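Hi,

Here's the structure I promised to pass along.

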Amino acid sequence: MITFDFHHYSLNSEEQKKKEKIKKTFLEEDNMKGWYDLERQEKNLTEIETTAQEIKKNCDIFLVIGIGGSFLGAKALYEAMRNPYQKETPEIIFTGTTIPRDSLEELKDYLKEKEIILNVISKSGNTLETILTLKELLPLLKEKYQEKWNERIIITTNQQKGQLYEFSNQYQIKRFTIEEDIGGRFSVLSTVGLLPLEVAGLDIKSLLEGAKQAKKDEEKAYTYAFLRHKFYQEGKSLEAFTIYDEKLSYFTEWLKQLLAESEGKEGKGLFPISLVYSRDLHSLGQYLQEGPSLCFETHIRAIQKNKDFNFLEEKLEESICNSHLENNIPNIRITMDEKNEWNMGYLIFFFYLSTMMGSYLLEVPYYNQNGVEIYKKKLTQSLKENPDLEIHLI
Ligand code: PA5
């Protein structure tokens, strides 16, 4: 269960009308709402579970290669739920979020003596960092598994084009499909996120159950969207997601991507930042308390099992909220009764809904990221001028 403290904010009649109008447009005209259809994702569960069992049986290390929406959601949930001090089998390694660095050599060394399986995830199937990382690891796979190297890769990509699609066809590599109407950052509850998470031992059914409940409780997400929008209209330019548990750090990375890529367009949108408390109270806390009041805060906290620590944390949260209010930093509080898959699935879908609503309020399309394409085009152009550096899988 999750409680939301919006400080009694609720939609007035004009906002209600606007919300209904947006919802109607979304349901009738939006072509990118595949993420909204949770039942569709449930249909994939059997294949995901069977594949995950095979993976677990056949490797020591499961490498998940992807970037952006093809990486952050699964990484966020994995980090949130895992016990970092417990040895896991298979070990899950997420990689591919940079141009390969010297550390890739360290990884290759580490993999030499291990049984490995790769899940390469990219909706476009052409993303430079992803393709390059796969390309770098291929010689190792071929050396270790000879003619059976292709059985050591699972591709998750679209169903008609791109380098990964062609590559999987040419070498008969197992492939999962990312449907056209599910955008990258809206894909964690599809095969993109569910396969790695099932391998990691998370309860993905519960994750989807939580998401389904958030869909039933959609009014909460829409209220949150309107409240954020109100702060934006009142002049706030930043929104800070604050957490008390470092294990949620990748969850706030996921949130930053979801909101920045969906809403930061046409000169509009709040700039999302994240803070870990208490850590950042001893650094950025000074600015928040006495610097310009640029932001509002959304606090995300899970109740702890240890009652004393939980009491202390609750008091800490209250004190921060009251102190920051003195510098005109409003707060919203989201509290999970415990950190589990159901609550995390709920939160994911809650933020999907509010991001969709928030984008409609700003009158920007939430599903594209044309801004990100600009550097990619420049890069592609400069690689064309240096053909030796062009990256091709086949
Ligand atoms: O949300 C998005 O669509 C993006 O962040 C993409 O996920 C990211 O650019 C990676 O793209 P791809 O999955 O095509 O490799």
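Gln-146 is partly exposed, at a relative accessible area of 48%. Its phi is positive, about 50°, although Gln-146 is not a glycine. You'll find Gln-146 in the loop that links helix H6 (128–145) with strand S5 (153–157). Bear in mind that this is a predicted model.

Gln-172 is another residue to look at: phi is near 45° there, again a positive value in a residue other than glycine. Gln-172 sits in the loop between helix H7 (163–170) and strand S6 (174–177). With 63% relative accessibility, Gln-172 counts as exposed, because the cut-off for that label is over 50%.

Then the cis peptide bonds. One runs from Thr-89 to Pro-90, with omega near -10°, and Pro-90 belongs to the loop between helix H4 (72–81) and strand S3 (91–95). Another goes from Tyr-277 to Ser-278, with omega near 15°; Ser-278 is in the loop between strand S8 (271–276) and helix H12 (284–290).

Now the ligand, which takes up the space of the largest pocket. There are 13 residues around the ligand, and Ser-70, Ser-122, Ser-124, Thr-127 and Gln-257 come nearest. By class, that shell has nine polar, three charged and one nonpolar residue.

- Ser-122: a side-chain N or O atom is 2.6 Å from a ligand oxygen.
- Ser-124: a polar side-chain atom lies 2.7 Å from an oxygen atom of the ligand.
- Gly-69: a backbone N or O atom lies 2.8 Å from a ligand oxygen.

Taken alone, the ligand exposes 380 Å², and the protein buries 90% of that.

Cheers

Notes. Residues are numbered from 1 along each chain as its sequence is written. This is a predicted model: local features need pLDDT of at least 70, side-chain atom pairs count only at pLDDT 80 or more; totals for chains, interfaces and linings use all residues. Side-chain values use heavy atoms; hydrogens and water are left out. A residue is near a molecule or strand if one of its heavy atoms lies within 4 Å of it. A polar contact is a pair of N or O atoms within 3.5 Å; within protein, one must be able to donate a hydrogen and the other to accept it, and residues adjacent in sequence count only if both atoms are side-chain atoms. Accessible areas come from the Shrake-Rupley method with a 1.4 Å probe; for residues, only the protein chains shown count as cover. On a 1 Å grid over the protein atoms alone, a cavity is a set of points where a 1.4 Å probe fits but cannot get out, and a pocket is an open set with protein on both sides within 12 Å along at least five of seven lines; lining residues have an atom within 4 Å of a point. A molecule sits in a cavity or pocket if more than half of its atoms lie within 2 Å of its grid points. Ala, Val, Leu, Ile, Met, Phe, Trp, Tyr, Cys and Pro count as nonpolar, Asp, Glu, Lys and Arg as charged, and the others, Gly among them, as polar. Helices (H or I, at least four residues) and strands (E, at least two) are DSSP runs, numbered from the N terminus. Buried means under 20% relative accessible area, exposed over 50%, partly exposed in between (1.4 Å probe, protein chains only).
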